[in-house]
Amino acid sequence: MSGDFLQSVLASSVALLILLAIMGVVYVIWTQVGLKKKREYFKEVHTELAPGQKIMFGGGIYGIVKSINGDVVEVKVRSGAVLDVSRYAIQEIVK
């Protein structure tokens, strides 16, 4: 009787480990697909920047692109101040 109990516990533990492994693989694939989509989106945003576009930073600050000098973008905010920011700090081009 003790041998049957241990065998059933072992069988259910193996089944649980297999289920957890499958869930882990699905999770890794799902996150990789999401990261790839985000990477493509930000690549598109950072290459399409042009003077005159309204943009939003990650912190929710809006501004208008004045000029682009390599990785540095001059952005005019509502107060009239012109900020030098990294091209990669821009989260969205507002349409």
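Buried means under 20% relative accessible area, exposed means over 50%, and partly exposed is what lies in between. Keep that in mind as you click around this predicted model.

**Stop 1**

Select Tyr41. Its relative accessible area is 39%, so Tyr41 is partly exposed.

**Stop 1: along helix 1**

Colour residues 2-47 to bring up helix 1, where you'll find His46. Glutamine 32 is in helix 1 as well. Click on Gln32 and you have a partly exposed residue, because its relative accessibility is 44%. For a sense of distance, draw a line from the C-alpha of Gln32 to that of Val73: the two are 41 residues apart in sequence and 30 Å apart in space.

Now go to His46. Buried or exposed? With 10% relative accessibility, His46 counts as buried. Follow its side chain and you get to the backbone oxygen of Ile90, at 3.1 Å. Show the surroundings of His46 too: leaving out residues up to four places away in sequence, it touches Arg87, Tyr88 and Ile90.

**Stop 2: Arg87**

Next, select Arg87, in the loop between strand 4 (82-86) and strand 5 (90-94). Arg87 has a relative accessible area of 14%, so it is buried. Which backbone oxygens can you find by its side chain? One belongs to Gly70, reached at 3.1 Å. Another is the backbone oxygen of His46, which lies 2.3 Å from a polar atom of the Arg87 side chain.

What about charge? Arg87 has no salt bridge, and the nearest side chain of opposite charge, Asp71, is 4.2 Å away. A salt bridge needs a side-chain nitrogen of Lys or Arg within 4 Å of a carboxyl oxygen of Asp or Glu. Switch to the C-alpha atoms of Arg87 and Asp71 and you'll see 5.1 Å between them, with 16 residues separating the two along the chain.

Show everything in contact with Arg87, skipping neighbours within four places in sequence, and you get His46, Thr47, Leu49, Ile68, Gly70, Asp71 and Val73.

**Stop 4**

Now look to the partners of strand 3. Strand 2 (residues 62-69) pairs with it in the antiparallel sense, over five bridges. To see one of these bridges, select Ile68, whose partner in strand 3 is Val73. The hairpin of strands 2 and 3 has two residues between the strands, and there Gly70 takes a positive phi near 70°.

Then move to strand 4, which pairs with strand 3 (residues 72-76) in the antiparallel sense, also through five bridges. Pick out Glu74 and its bridge partner Asp84, then Lys76 and its bridge partner Val82. This hairpin has five residues between the strands, and Gly80 takes a positive phi near 100° in it.

Definitions and conventions. Residues are numbered from 1 along each chain as its sequence is written. This is a predicted model: local features need pLDDT of at least 70, side-chain atom pairs count only at pLDDT 80 or more; totals for chains, interfaces and linings use all residues. Side-chain values use heavy atoms; hydrogens and water are left out. Helices (H or I, at least four residues) and strands (E, at least two) are DSSP runs, numbered from the N terminus. Buried means under 20% relative accessible area, exposed over 50%, partly exposed in between (1.4 Å probe, protein chains only). Lys and Arg count as positive and Asp and Glu as negative; His and the chain ends are not counted. A polar contact is a pair of N or O atoms within 3.5 Å; within protein, one must be able to donate a hydrogen and the other to accept it, and residues adjacent in sequence count only if both atoms are side-chain atoms. Contact means heavy atoms within 4.5 Å. Two strands pair if DSSP finds at least two bridges between them.
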